[in-house]
Amino acid sequence: MSETPAKIRIDKWLWHARFFKTRSLAAKVVSSGHVRVNSLSIAKPAVQVTAGDVLTFPQAKEVRVIRVVALGERRGPAPEAQALYDDLDPPKPKERVPAAPKYEGKGRPTKRDRRLIDQSLRDALE
């Protein structure tokens, strides 16, 4: 008697692994056709995944590539959820946006300062 491998719906697994806040959000991403299972595009949240499958999907302006390690029985705490997958392409550190430049270290120029700047520019052009 051959034992069939355990399977779980992809939307439920994405929710268990805490990639999406709700199961309906996970189903919405899958239904929009943006998820791939083993490089095959899928469009139904009822697609079954097993351990060893590779998932590719968008999340927070990044594309995630994940290998399913375990299926999980519940949506537990984050450490438990992280044990359900291997991240094949870990997210890169976000680039820090430089702060807005300051006007001589004092912040935005005052109206008086702007008038003086305009006056000095007019004098330079004459």
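The model is a predicted one. Side chains of opposite charge can pair when their charged atoms come close. In this model, the count of salt bridges comes to four.

Asp11 takes part in a network of salt bridges together with Arg9 and Arg23. In the pair formed by Asp11 and Arg9, the closest N and O atoms are 3.1 Å apart. A salt bridge also joins Asp11 to Arg23, with a separation of 3.3 Å between the closest N and O atoms. This second pair links distant parts of the chain, as Asp11 belongs to helix 1 (residues 10-16) and Arg23 to helix 2 (residues 23-31), twelve residues apart. Asp11 is buried because its relative accessible area is 3%, under the 20% limit. Arg9, at 29% relative accessibility, is partly exposed, and Arg23, at 31%, is likewise classed as partly exposed.

A further salt bridge is formed by the side chains of Asp87 and Arg64, with an N to O distance of 2.9 Å. Asp87 is located in strand 7 (residues 85-87) and Arg64 in strand 6 (residues 62-68), so this contact ties together parts that are 23 residues apart in sequence. Asp87 is partly exposed, with a relative accessible area of 27%, whereas Arg64 is buried at 11%.

On the surface, a patch of positive charge is made up of Arg108, Lys111, Arg114 and Arg115. Of these residues, Arg114 lies in helix 4 (residues 111-125) and is partly exposed, with a relative accessible area of 36%.

Conventions. Residues numbered from 1 in each chain as written. Predicted model: local features only at pLDDT ≥ 70, side-chain atom pairs only at ≥ 80, totals over all residues. Heavy atoms only, no water. Patch = residues over 30% accessible without salt bridge, like charges linked within 9 Å, V, L, I, M, F, W, Y side chains within 5 Å. Areas by Shrake-Rupley, 256 points an atom, 1.4 Å probe, with all protein chains shown as cover. Lys, Arg positive; Asp, Glu negative; His and termini not counted. Charge placed at Lys NZ, Arg CZ, Asp CG, Glu CD. Helix = DSSP H or I, 4+ residues; strand = E, 2+ residues; numbered from the N terminus. Buried < 20%, exposed > 50% of the residue type's maximum accessible area, 1.4 Å probe, protein only.
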